[in-house]
Amino acid sequence: LRARKLRDAQTQARVEAVSHNMTGRLLQSRGKLKLAYAQFQQAVEIDPQAVEIYRDLVPLAFQLEETENAIKYATRAVELDPLNPIYHFHRVGVLSRLRRYDESERAALRAALVHAGVLGLELLGSYRVRVAGTDAPAGQRASAGQALARASDAVLEAFDNLGRGRLFVG
């Protein structure tokens, strides 16, 4: 008999995290949201570098009104994979739904700059739609609209600078 090669600790952690993530997806599909949320949380505790788990975790955290955790997880996902637009979209969405417009504006602008071009403008458009659709008082909506205009102007200026080779985004 040959001895089987054991997994290293990092590989074992990844396997366990994926197992919890898959269990969470199954529970979520059966409507057991709190149990699913617990599985997703265990997955990122075991392997905090497993960025793909955050795709399921962030929207569920917000749905369960775990808003601070939703922001924390969305921010972590952007840190781990800054070029993936879905994580920026989640973060902008959570912040704008919480009426944290200044943070949402900065997140939308960062996303637009990272994803220069159509995708960046779509992220800004999503930010605009989320703010416009809130039940915030008119003054807050106007302030959010002004923030969007500033962000849009900054993105257009960045695109212009990028075209002239004066700005490097990464």
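How many aromatic pairs does the rule give? The count comes to one aromatic pair. Under that rule, rings of Phe, Tyr and Trp (its six-membered ring) pair if their centres lie within 6.5 Å; planes under 30 degrees apart are stacked, over 60 edge-to-face, and the rest tilted. The partners are Tyr-54 and Tyr-73: their ring centres are 6.2 Å apart and their planes stand at 55 degrees, so the pair is tilted.

A word on the model and its numbering. The model is predicted, so local features need pLDDT of at least 70 and side-chain atom pairs count only at pLDDT 80 or more, while totals for chains, interfaces and linings use all residues. Residues are numbered from 1 along each chain as its sequence is written, and side-chain values use heavy atoms, leaving out hydrogens and water.

Now the overall layout. The protein has eight helices and zero strands. Along the sequence the pattern reads α-α-α-α-α-α-α-α. Helices (H or I, at least four residues) and strands (E, at least two) are DSSP runs, numbered from the N terminus. Of the 170 residues, 37% count as buried. Buried means under 20% relative accessible area, exposed over 50%, and partly exposed in between, with a 1.4 Å probe and protein chains only. Among contacts with a separation of 6 or more, 58% come from residues 24 or more positions apart. Contact here means heavy atoms within 4.5 Å.

Tyr-54 sits in helix 3 (residues 54–63) and Tyr-73 in helix 4 (residues 67–80), so the pair ties together parts that are 19 residues apart in sequence. Both tyrosines are buried. Leaving aside neighbours within four places in sequence, Tyr-54 contacts Val-44, Pro-48, Pro-59, Tyr-73, Arg-76, Ala-77, Leu-80 and Tyr-87.

The largest nonpolar core has 28 residues, and Tyr-54, Leu-57 and Tyr-73 have the most contacts inside it. Such a core is a set of buried Ala, Val, Leu, Ile, Met, Phe, Trp, Tyr and Cys residues joined through side-chain atoms within 4.5 Å. At least two residues of this core come from each of helix 1 (9–29), helix 2 (33–46), helix 3, helix 4, helix 5 and helix 6 (101–114).

Seven of its ten residues are buried, so helix 3 is largely enclosed by the rest of the structure. The buried residues are Tyr-54, Asp-56, Leu-57, Val-58, Leu-60, Ala-61 and Phe-62. They pack against helix 1, helix 2, helix 4 and helix 5.

Take the packing with helix 5 (residues 85–97). The angle between helix 3 and helix 5 is about 10 degrees, and their axes are 10 Å apart. Axes are lines fitted to C-alpha atoms, for helices over the stretch in contact, and angles run from 0 to 180 degrees between N-to-C directions. The two helices are therefore roughly parallel to each other. Angles under 35 degrees count as roughly parallel, over 145 as roughly antiparallel, 65 to 115 as roughly perpendicular, and the rest as oblique. Helix 3 brings Tyr-54, Arg-55, Val-58, Pro-59 and Phe-62 to the contact, and helix 5 brings Ile-86, Tyr-87, His-90, Val-94 and Arg-97. Seven of these residues are nonpolar, one is polar and two are charged. Ala, Val, Leu, Ile, Met, Phe, Trp, Tyr, Cys and Pro count as nonpolar, Asp, Glu, Lys and Arg as charged, and the others, Gly among them, as polar.

Next, helix 2. Tyr-37 is found there. At 6% relative accessibility, Tyr-37 counts as buried. Beyond four places in sequence, Tyr-37 touches Leu-57, Leu-60, Ala-61, Leu-64, Glu-66, Asn-69 and Tyr-73. Gln-39 is also in helix 2. Gln-39 counts as buried at 16% relative accessibility. With residues up to four places away not counted, Gln-39 contacts His-20, Thr-23, Gly-24 and Leu-27.

Finally, the loops. Glu-65 lies between helix 3 and helix 4. Its phi is near 60 degrees, a positive value in a residue other than glycine. At 67% relative accessibility, Glu-65 counts as exposed. Pro-82 lies in the loop between helix 4 and helix 5. Pro-82 counts as partly exposed at 30% relative accessibility. Its C-alpha atom is 8.4 Å from that of Ala-111, 29 residues apart along the chain.
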